[in-house]
Amino acid sequence: MEVPILKQGGYLIASIQSALSDADLLSLRDELAYRVGRFRSRGVIVDVTALDVMDSFATRTMRSIAHMLKLRGAETVIVGIQPEVAFAMVQLGLTLEDVATALDLEEGLAYLNRGMKRENTGAR
Amino acid sequence: MAKKEIDVVTPVPQVSSEATTALLRELVAHLRQNRTQLREEWARRITEAQLLTAMTKEEIFAEATSVYDNYVEVLESGSIEALQAYARNLSERIIPRGVETQEVVGVVLLLRDVLARSLFKKYQSNFDLLNRVLDAYEPAANRIATTVSVGFVQERERIIRQQQEAIRELSTPVLQVRERLLILPIIGVIDPQRSRQLTEQLLRGIRANRAKVVVIDITGVPTIDSKVANHLVQTVEASRLMGATVIVTGLSSEIAQTLVTIGVDLGKMKTVGDLQGGIEEAERLLGYKVITSGETSQLLSA
């Protein structure tokens, strides 16, 4: 099951539609890393609204996506973690510590826009 | 449901032989005849044993009369439905007055004892007949004792369930005070079940109200154990995963101590002294700035 990755201005939006196998997750990671370079994206949103389970591998992959993309020059936000999923993750000790999270796509975009503004004003 | 349970406890012997029926009939006649005397004896024994101290003598006697009549009725008809209803009704009346389970069981067993003694007395000359009378009496009497005790316990459990339900509903309001700002005032002791429910409501509330900041106020919580403290921390982290910042306010010194003792990573948790401070901090995070109307007019005129 391939994850569609949409380009929206300077951002990429990967919207996960159904449960993913470990291999799917890894190909998502590689695909995002490639496209961030190709489109010179500044921000990436991974939408996990459709997932009703986030296991340790998925969480670790999300983290490594965020770290990899940071190194490639883009900021990552995970959006749409469901209440049940959030609590189950915390109970398993999977807290995505240094990864930005937001309620939904809209919030994720707002978060990235704020980040861009800060960067721009900081540069001046 | 009650009936089924009772059947399991004391299987009712099929009234097979006509002899048993006849004996029971004789028994009932005997109990009817000596109603006044046996009833008084029973009430006296109850007072003696210092049971039902929450009730007055007259009340005990009145209840004793109806229980006695019900008892005889069941012996006669073999149907316990009326007794079940009565037991429920009785329990409803006496539970709020603080009557304990052991008292109810004690009282019913006393009646059993009083009646059995009168039977011994009556049939003491004929041991065989006494044996057969007891064969008829014992199962019926046991069944009655179980019915009344189970009825009492069930009523008690029903009340407990009802109250738990009420507490659950009252316990955790999630309130929106500003656009995207929720407060969650918690009052009273948090047990593991309540903390689970609290988390659930908070996370749902975050999604439903699209909250960005949540203030959890635990001024009204005297102490928490380490399990609940950990749960609280987990709730804060789960909220972060959903993109909301949690501010915990009103930590008592005991709770602060607990959190430090279990070694909570305080970097993950924003804490502010009181609810007012928490809301102010939340407003700051959301970009609100509160000014008094006097200042606005000054700003406008300037």
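Start by selecting strands S1 and S2 of chain B: three bridges join S1(B) to S2(B), and the two run antiparallel. As you look around, keep in mind that this is a predicted model.

**Stop 1: the hairpin in chain B**

With both strands shown, pick B:Arg178 and look for its bridge partner in S2(B), which is B:Leu181. The hairpin of S1(B) and S2(B) has two residues between the strands. For background, most residues other than glycine have a negative phi.

Is B:Arg180 buried or exposed? Its relative accessibility is 19%, and the cut-off for buried is under 20%, so B:Arg180 counts as buried. To see what surrounds B:Arg180, leave aside the neighbours within four places in sequence and select its contacts: A:Glu107 from chain A, together with B:Arg210, B:Ala211, B:Lys212, B:Val213 and B:Leu286 from chain B.

**Stop 2: along S2(B) to the next strand**

Now colour S2(B) by accessibility. This strand is mostly covered, with five of its seven residues buried.

**Stop 3: helices H2 and H4 of chain B**

Move on to helix H2 (residues 18-33) and helix H4 (residues 57-77) of chain B. Their axes lie 9 Å apart, and the helices pack at an angle of about 165°. That angle makes H2(B) roughly antiparallel to H4(B). The crossing of H2(B) past H4(B) is left-handed.

From H2(B), select B:Leu24, B:Leu27, B:Val28, B:Leu31 and B:Arg32; they meet B:Tyr68, B:Val72, B:Leu75 and B:Glu76 in H4(B). What is the make-up of this contact between H2(B) and H4(B)? The residues divide into seven nonpolar, no polar and two charged.

**Stop 4: H3(B) against H4(B)**

Keep H4(B) on screen and bring in helix H3 (residues 35-48) of chain B. Here the packing angle is about 130°, with the axes of H3(B) and H4(B) 10 Å apart. H3(B) and H4(B) are therefore oblique to each other. H3(B) passes H4(B) in a right-handed crossing.

On the H3(B) side, select B:Arg35, B:Leu38, B:Arg39, B:Glu40, B:Trp42, B:Ala43 and B:Ile46. They meet B:Ile60, B:Phe61, B:Ala64, B:Thr65, B:Val67, B:Tyr68 and B:Asp69 in H4(B). The contact of H3(B) with H4(B) divides into nine nonpolar, one polar and four charged residues. B:Tyr68 is worth a label, as it belongs both to the contact with H2(B) and to the contact with H3(B).

Next, follow the chain into the loop between H3 and H4 of chain B, where you will find B:Gln50. Phi of B:Gln50 is near 55°, a positive value in a residue other than glycine. At 61% relative accessibility, B:Gln50 counts as exposed.

**Stop 5: chain A and its sheet**

Switch to chain A, whose secondary structure comes to four helices and five strands. From the N terminus on, the elements run β-β-α-β-α-β-α-β-α. Of the 124 residues in chain A, 48% are buried.

Select the strands. They form an open sheet of five strands in the order S1-S2-S3-S4-S5, with mixed pairing. The edge strands are S1 (5-8) and S5 of chain A, each pairing on one side only. On average, neighbouring strands of this sheet are turned by 25° against each other, direction ignored.

Inside the sheet, zoom in on strand S2 (residues 11-15) and strand S3 (residues 43-47) of chain A, which pair in the parallel sense over five bridges. The bridge partner of A:Leu12 in S3(A) is A:Val44. Then show helix H2 (residues 56-71) of chain A: this helix lies across S3 and strand S4 (75-79) of chain A, running at about 155° to S4(A).

**Last stop: A:Leu96**

Finish at A:Leu96, in the loop between helix H3 (83-91) and strand S5 (100-102) of chain A. Phi of A:Leu96 is near 50°, a positive value in a residue other than glycine. A:Leu96 is buried, with a relative accessible area of 1%.

Key
Residues are numbered from 1 along each chain as its sequence is written. Chains are lettered from A and ligands numbered from 1 in the order in which they are written. This is a predicted model: local features need pLDDT of at least 70, side-chain atom pairs count only at pLDDT 80 or more; totals for chains, interfaces and linings use all residues. Side-chain values use heavy atoms; hydrogens and water are left out. Buried means under 20% relative accessible area, exposed over 50%, partly exposed in between (1.4 Å probe, protein chains only). Contact means heavy atoms within 4.5 Å. Axes are lines fitted to C-alpha atoms, for helices over the stretch in contact, and angles run from 0 to 180 degrees between N-to-C directions. Angles under 35 degrees count as roughly parallel, over 145 as roughly antiparallel, 65 to 115 as roughly perpendicular and the rest as oblique. A crossing is left-handed if the near helix is turned anticlockwise from the far one by less than a right angle, and right-handed if clockwise. Ala, Val, Leu, Ile, Met, Phe, Trp, Tyr, Cys and Pro count as nonpolar, Asp, Glu, Lys and Arg as charged, and the others, Gly among them, as polar. Two strands pair if DSSP finds at least two bridges between them.
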